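Subject: A structure for you to look at

Hi,

Here is the structure I promised to pass on. Have a look at it first, then read my notes below.

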Amino acid sequence: MDNLIVKTITRLIVPFIQIYGIFIILHGHISPGGGFSGGAVLGASMILYTLSYGLTAANKKLPHKVTGVFESGGIIWYVLLGLVGIFLGGSFLSNKEVGFFMGKAGDVISGGFIPLITAAIGLKVASTMITLFHTIIEED
Amino acid sequence: MKKALVILVLLGLFVLLTSSVLKMPSLGSIDNPSYNETSVYYIENAIEDTHAPNAIASIITDYRSFDTLGETTVLFTSIAAVLSVLRLNHNSKEKGDKNNG
Amino acid sequence: MELLNVILVVFLIVCAIAVERTKDLLSAVIIFDAYSLTMAVLWLLLKAPDIALTEAAIGAGVTTILFVSVISRTRRVKK
């Protein structure tokens, strides 16, 4: 797919899509959105890059090793956050009772472990979609 | 004969489904059975409990975070299954080519 | 607003039937894309903006790309 228009437009528009995805993930506990929607937008931006620049360039930008780390790291991070609750004397995945930093309602850094969990889910969903797409279109 | 039976069964199903849809409570009404003390608790205490203005986020990542963990596990399992099927096929084909050549 | 809802739901049903009746799989995927986009607008009208975001990104974007990439590796027309 060697099209100058597609490549130029993709190069211009991909950063904005990624910023929007990160915005949705970071503001998941304030505005509509959250891990799944933001991760889908992030993954879609990388799929657009793959479609216009080819698989080898995309693999150079985001190798399979990195997506694999995100893939398993997201869920391990989630479980570790749950286990923190047990070690601090609460139950599994308890938030306010074990003293996570709550902050003021409406700030970006507030809400205990909700932003941390949302970030983990977002990275995981994005890497899942990218891995699925790369695996399917891989030439054999 | 068979076709008439199929049409009869489908017609009965249509009447059943339409009547059940017509009996459903209207959207957002206060008399709905789903509007019970659980949702009232969430609406009243979500901000105080989690300090997150988005009540949906506070429900799916705080009150019901164990369910979300299960959801994430489903994603992980599905991608593991896809990778194990497609990658395995890919590798074995490469090996076969080498053996042939 | 009521009229818009009715039009969108009717369009949804027409899309669902058309997906099933189309022989060309690529056209079916595009019609399914229209279905997902209509569903996203309907979620927005039902005051669920986060579900609308997810539906627009996953249903209309990624699912279509995955289907098209699968079709490009198999047959396009159903036998």
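First, a term for what follows: two residues are in contact, or touch, if their C-beta atoms, placed from the backbone, lie within 7 Å. This is a predicted model, so bear in mind that local features need pLDDT of at least 70 and side-chain atom pairs count only at pLDDT 80 or more, while totals for chains, interfaces and linings use all residues. Residues are numbered from 1 along each chain as its sequence is written, and chains are lettered from A and ligands numbered from 1 in the order in which they are written.

Leaving out residues up to four places away in sequence, C:Leu12 touches C:Tyr35, C:Thr38 and C:Met39. C:Leu12 sits in helix α1 (residues 2–21) of chain C; helices (H or I, at least four residues) and strands (E, at least two) are DSSP runs, numbered from the N terminus. C:Leu12 and C:Leu42 are 30 residues apart in sequence, with their C-alpha atoms 9.7 Å apart.

On to chain A. It has five helices and zero strands, and its C-alpha atoms fill a box of roughly 60 × 35 × 20 Å along the principal axes. Of its 140 residues, 41% are buried. Take the contacts in chain A between residues at least 6 apart in sequence: 65% of them join residues at least 24 apart.

UniProt has something to say here too, in an unreviewed entry: it places "domain: Na+/H+ antiporter MnhB subunit-related protein" at residues 5–130 of chain A. That span is 71% helix and 0% strand, and its end C-alpha atoms lie 23 Å apart. UniProt also lists "transmembrane region" (unreviewed entry) for chain A, including residues 36–55 and 113–137. UniProt positions are given in the numbering used here, feature names are shortened, and annotations may be inferred rather than shown by experiment. Residues 36–55 of chain A are 95% helix, with end C-alpha atoms 25 Å apart. For residues 113–137 of chain A, the figures are 96% helix and 37 Å.

Now for the core. A nonpolar core is a set of buried Ala, Val, Leu, Ile, Met, Phe, Trp, Tyr and Cys residues joined through C-beta atoms within 7 Å. The largest one has 42 residues, and among those with the most contacts inside it are A:Ile47, A:Phe133 and C:Ala57. α5(A) gives the most to this core, with 12 residues. A:Phe133 touches A:Ile47, A:Thr50, C:Ile65 and C:Leu66, again not counting residues up to four places away in sequence.

Finally, chain B. Here 25 residues are in contact with 32 residues of chain A, and α4(B) gives the most to that side of chain B, with 14 residues.

Enjoy exploring!

Terms used:
Buried ≥ 20, exposed ≤ 12 C-beta atoms within 10 Å, placed from the backbone.
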